[in-house]
Amino acid sequence: MSTALAAAAPAVSGPHLAFVSRSAHFEIIANVDPHISLRMLNYFAQRDLVPSMFRSRRIREKLEMRVVVPGLTEHDAAVIAEKMRGHFAVAAVTLEMVVGG
């Protein structure tokens, strides 16, 4: 996942940009911990946000989580991703902003 999705999405600019549906897609890889899912979701709960999708799966000693949050600005999504990266159990966080998704 990368923020380079702009090449695939149509170019949108101007005052109507605020009405374009955007979603933040987070992919988190963390060490297996019984509380890590709740800790990652808590970053959204602190901002009164409810993800439209949350999925997790365990692969050996790692937990892969995907979270989709519609309507989140790119700046706010980047702040949340950086906070997630600071958690001791998190190995990696990737963020993708999707227009229309």
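How many helices and strands are there in the protein chain? The chain holds two helices and four strands. Both kinds of element are DSSP runs, numbered from the N terminus: helices are H or I runs of at least four residues, and strands are E runs of at least two. Along the sequence, the elements follow the pattern β-α-β-β-α-β.

The model is predicted, so to speak of local features requires pLDDT of at least 70, and side-chain atom pairs count only at pLDDT 80 or more, while totals for chains, interfaces and linings use all residues. Residues are numbered from 1 along each chain as its sequence is written, and side-chain values use heavy atoms, with hydrogens and water left out.

The four strands form an open sheet in the order E2-E3-E1-E4. Pairing is antiparallel; two strands pair if DSSP finds at least two bridges between them. Strand E2 (53–59) and strand E4 (90–99) are the edge strands, and each pairs on one side only. From one strand to the next, the twist averages 10°. Axes here are lines fitted to C-alpha atoms, for helices over the stretch in contact, and angles run from 0 to 180 degrees between N-to-C directions.

Strand E1 (residues 22–31) is joined to strand E3 (residues 62–70) by nine bridges. The two run antiparallel. Within this pairing, phenylalanine 26 has valine 67 in E3 as its bridge partner. Asparagine 31 stands opposite lysine 62, also in E3. Nine bridges also join E1 to E4, again antiparallel. Here phenylalanine 26 stands opposite leucine 95 in E4. In a regular strand, side chains alternate between the two faces of the sheet.

Nine bridges join strand E1 to strand E3. Helix H1 (residues 36–45) packs on the sheet and touches E1, E2, E3 and E4. Contact means heavy atoms within 4.5 Å. The direction of H1 makes about 20° with that of E3. Helix H2 (residues 74–85) also packs on the sheet, touching E1 and E4. Its direction makes about 170° with that of E4.

Among contacts with a separation of 6 or more, 75% come from residues 24 or more positions apart. The chain exposes about 6,300 Å², and carbon and sulfur atoms supply 57% of this area. Accessible areas come from the Shrake-Rupley method with a 1.4 Å probe.
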